[in-house]
Amino acid sequence: MKLYKIKKSNIDKRGLYASKNIKSGEKVIEYVGKIITKKRTEEDLKFDNSKAIYLFNINNKYDLDGDFTYNTARLINHSCNPNCEVEGKGLKLWISSIRDIKKNEELSYDYGFGFDESYKEFPCKCGSINCCGYIIREGSRWRIKDKRKKSNR
Ligand SMILES: [Zn+2]
């Protein structure tokens with residue numbers, strides 16, 4: 001039985017939800033796509049934007065392009081308080097749980113976007129208490145909070 005199901009989401013149009021209780025550390029769904037060389041991702045205009053959401057680093061030579069409809073895992077939304085992470089195993093990528101997840105809870109992971117001037121194009125609607133308002137990797141969120149403080153002065 002699959003550990004996930006596709007459902008309407010409050011974060012984005014659709015999302016993946018736990019179809020049963022999931023224990024921390026389980027492989028939930030494989031993140032599938034095409035393995036391409038880094039040389040190609042550098043040359044192909046499709047990946048021009050540094051925020052190519054579905055592009056993952058596999059190793060120093062290859063990336064994985066998951067921008068295909070058959071890649072169900074691409075429906076998983078970003079959250080500032082995620083319950084999953086992307087885990088590399090050789091040339092494969094898995095979405096794995098990082099804590100116990102209850103049935104019907106939405107699955108999420110940190111998209112890992114860096115902080116740059118275009119962050120405002122990616123608002124976050126995850127609804128977590130710690131949500132910084134934008135899709136930015138955990139280590140860079142303090143920059144947003146810093147900005148807010150300045151604008152309140
Ligand atoms: Zn958020």
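**The zinc site and the strands**

User: Is cysteine 124 buried or exposed?
Analyst: Buried means under 20% relative accessible area, exposed over 50%, and partly exposed in between, with a 1.4 Å probe and protein chains only. Cysteine 124 comes out at 9% relative accessibility, so the label is buried.

User: Before we go on, what kind of model is this?
Analyst: Numbering starts from 1 along each chain as its sequence is written, and side-chain values use heavy atoms, leaving out hydrogens and water. Local features need pLDDT of at least 70 and side-chain atom pairs count only at pLDDT 80 or more, while totals for chains, interfaces and linings use all residues, since the model is predicted.

User: Which residues are the protein donors of the zinc ion?
Analyst: A donor is an N, O or S atom within 2.8 Å of the metal (3.2 Å for Na, K and Ca), and with water not among the atoms, sites may look incomplete. Here the protein donors are SG atoms lying 2.3 to 2.4 Å from the zinc ion. In sequence the donor residues follow the spacing C-x43-C-x1-C-x4-C. They are Cys80, Cys124, Cys126 and Cys131.

User: What geometry does the site of the zinc ion have?
Analyst: Four donors count as tetrahedral if all angles lie between 85 and 135 degrees. The 4 donor atoms make angles of 105 to 113°, and the site is tetrahedral.

User: What is the strand order in the open sheet with E4 in it?
Analyst: Strands are DSSP runs (E, at least two residues) numbered from the N terminus, and two of them pair if DSSP finds at least two bridges between them. This open sheet has 3 strands with antiparallel pairing, in the order E4-E6-E5.

User: Which residue in E2 is the bridge partner of isoleucine 6?
Analyst: E1 (residues 4-8) and E2 pair antiparallel over 5 bridges, and a hairpin of 5 residues joins them. In E2, 4 of its 5 residues are buried. Isoleucine 6 has as its bridge partner leucine 16.

User: Which residues does lysine 23 touch?
Analyst: Lysine 23 sits in the loop between E2 (14-18) and E3 (27-31), and it is exposed at 58% relative accessible area. Contact means heavy atoms within 4.5 Å. Not counting residues up to four places away in sequence, lysine 23 touches Ser97, Arg99 and Asp100.

Terms used. Tetrahedral: all angles 85-135°; square planar, octahedral: opposite > 155°, others 65-115°.
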